[in-house]
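Here are my notes on this model, as numbered points. Please read them alongside the coordinates.

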Amino acid sequence: MRASNYTIATLKETPVDTEVISHQLMLRAGLIRKLASGIYTWLPVGLRVLHKVEHIIRQEMDASGAQEVMLPLVQPAELWIESGRWQQYDEGLLLKFQDRHQRDFCFGPTHEEVITDLARTELRSHKQLPVNYYQIQTKFRDEIRPRFGVLRAREFLMKDAYSFHATQQSLEETYQIMHDTYSRILQRMQLDFRVVQADSGSIGGSSSMEFHVLAESGEDTIAFSNESNFAANIEMAATLAPPAETEKPVAIKPVAIKEVATPGVKTIAELVALLKISEKKTIKTLIAKAEDGGLVALVLRGDHQLNHLKAEKLPQVASPFALASEDEIKQALGCGTGSIGPVGLKMPILADHSAAALHNFTAGANQTGIHLANVNWDRDASITRVCDLRYLVEGDPSPDGQGIIQLKKGIEVGHIFQLGDKYSQAMDARVLDDQGKAILMKMGCYGMGVSRLVAAIIEQHHDDHGIIWPHTVAPFTLSLIPVNAHQSEDVSKTTEQLYQQLLESNFDVLLDNRPALRPGVKFADAELLGIPHRVIIGDKGLKRGMVEYTCRRTGATQDVSADEIFAFLSATI
Ligand code: ATP
Ligand code: MG
């Protein structure tokens, strides 16, 4: 391709109004342009990357035995009414409209309904199963907060696949194949990712896993072990009980409890600053609404945070979760929120494992401005139930018993589900089994964010000068930059010759033939665009018979003989 044919004349000047690095770089490098909130145009260079990403996904999906189809973007309401999702699909994400006959339709946010309808009409016998259909198709979701460019768009490209099975075992086999396929796809894009249990299905094993690319701009926090392949969404991750750093009870002698004055202290930070003690030797007591309409105390170690998703799953705690108001606390305990503690508390006490493992700790005295030091469970207060109430923190032992927990932000790029018969039941999708009986098909579904992946790759592959594409997805593998070609016949001839030779050998090469630009601007643009290899052809070098080669990732530059540059590139790329 010749750069003069591309809309990349004004790269550096493109205005950006975002903190997110991948979005900044996609705008500046001329990959995308915004049309409306969450709706983007893909420009030529961006589209080349998108196609490369699609190509890898297609190759791996085909190799897994899946078959490509293309389902309609526009879907009739009837199917969604049948599945029960026309009214309740994810809080308004469904964009609905009517045709000229006042019939209801939506833009597909996902395709379970359409594919189940296809399967129930096309598939007759268990002998046709298993089958896995996939497509790479535009989705529309009317996201409440579209942001970060194509990372969370309203119109975006997804690879979605749906598998059909006669047995649970067959579903599990395909689920595993998709797990492996997704891992290979992300490896080929050189992504550092974690496979995260999204729920811990009741029969052991997981029926849903998310694939997260680790990046600062991620919207989820992923907890993972530094030794095993344990990884979980922090919302879900269990904590080990008791944590490794807990003191051994045999070594501890209970000390007499005593009151300490803590005037004005409202937080754990203020408490430890005043008394010069460790957060880890304090507890905090939160009062929440109980399931029976009363109140319940939730006790955590001072340095830990309540995970209310865990709390509301406990039978004693009201769901949805709600903390008691300051007035309710004043009425029930007679003190402010900064002075609550378990001693003398007349309500059930649910204690997190780490809080329950403490001895001689400091807690509120249920009197404003007073705390108790050297509190001990059993002697001074009793726990109704020891449970898992908190978020994992860095340094916790990994819940699988291997290694230490680290936390990182993650971008969800893929999600695989065992749906079971959820949709086949609702839409009566059956095949005949070997006895001639009509059985419900079991289903799996497997989503991957194709356009989101382009941004996720940039999040992990860039530096201060721009994008650094992994060669598998680069829009071009090589850029050729002639210096002042209009003034030197030698330069223009050598460049044109090399360019033709590279094209004939199927190199993805970008020739930066933009005449009006200074060489420095072209070099900077090549770096911004992230093209892995660069060759500069200038008069000075040619006089010595040399051209200059630079590797984008390492920045290493070397002179290569003009006669040998083609052979050099063939060997290097
Ligand atoms: P999220 O939690 O990020 O909203 P989701 O769980 O709703 O995603 P799925 O229904 O699992 O998404 O869709 C499959 C994949 O499609 C996701 O893993 C993600 O990579 C991609 N995706 C979903 N929503 C968007 C979006 N608004 N913009 C870009 N990609 C998206
Ligand atoms: Mg998901």
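Which side chains are joined by a polar contact of 2.8 Å?

1. The pair is Ser-208 and His-415, whose side chains make that 2.8 Å contact. A polar contact is a pair of N or O atoms within 3.5 Å; within protein, one must be able to donate a hydrogen and the other to accept it, and residues adjacent in sequence count only if both atoms are side-chain atoms. Ser-208 belongs to strand β10, residues 208-214. Ser-208 is buried, at 3% relative accessible area. His-415 is buried too, at 15%. Buried means under 20% relative accessible area, exposed over 50%, and partly exposed in between (1.4 Å probe, protein chains only).

2. A word on the basis. This is a predicted model, in which local features need pLDDT of at least 70, side-chain atom pairs count only at pLDDT 80 or more, and totals for chains, interfaces and linings use all residues; side-chain values use heavy atoms, with hydrogens and water left out. Residues are numbered from 1 along each chain as its sequence is written, while chains are lettered from A and ligands numbered from 1 in the order in which they are written.

3. The metal site. Ligand 2 is a magnesium ion, coordinated by Glu-412 (OE) and His-415 (ND1) at 2.2 to 2.3 Å. Donors are N, O and S atoms within 2.8 Å of the metal (3.2 Å for Na, K and Ca); water is not among the atoms, so sites may look incomplete. Glu-412 is partly exposed, with a relative accessible area of 25%.

4. Ligand 1. Its shell holds 15 residues, and the closest are Arg-141, Glu-143, Arg-152, Ala-153 and Glu-412. A residue is counted if one of its heavy atoms lies within 4 Å. By type the shell has 6 nonpolar, 4 polar and 5 charged residues. Here Ala, Val, Leu, Ile, Met, Phe, Trp, Tyr, Cys and Pro count as nonpolar, Asp, Glu, Lys and Arg as charged, and the others, Gly among them, as polar.

5. Polar contacts to ligand 1. An N or O atom in the Arg-141 side chain sits 3.0 Å from an oxygen atom of ligand 1. For the His-415 side chain the distance to a ligand 1 oxygen is 3.2 Å. Arg-452 places a polar side-chain atom 3.0 Å from a ligand 1 oxygen. The protein buries 83% of the 580 Å² that ligand 1 exposes when taken alone. These areas come from the Shrake-Rupley method with a 1.4 Å probe; for residues, only the protein chains shown count as cover. Elements giving two or more residues to the shell are β8 (155-165), β20 (405-420) and β23 (442-449). Strand β20 gives the most, with 4 residues. Helices (H or I, at least four residues) and strands (E, at least two) are DSSP runs, numbered from the N terminus.

6. Helix α1. In α1 (residues 21-28), 7 of 8 residues are buried. Among them are His-23, Leu-25 and Arg-28. Their cover includes β1 (32-36), α12 (450-460) and α14 (519-529). Ala-29, in the loop between α1 and β1, is buried at 0% relative accessible area.

7. The whole chain. The protein chain has 16 helices and 30 strands. Buried residues make up 52% of its 573 residues. Its C-alpha atoms fill a box of roughly 95 × 70 × 45 Å along the principal axes.

Note on methods: Contact means heavy atoms within 4.5 Å.
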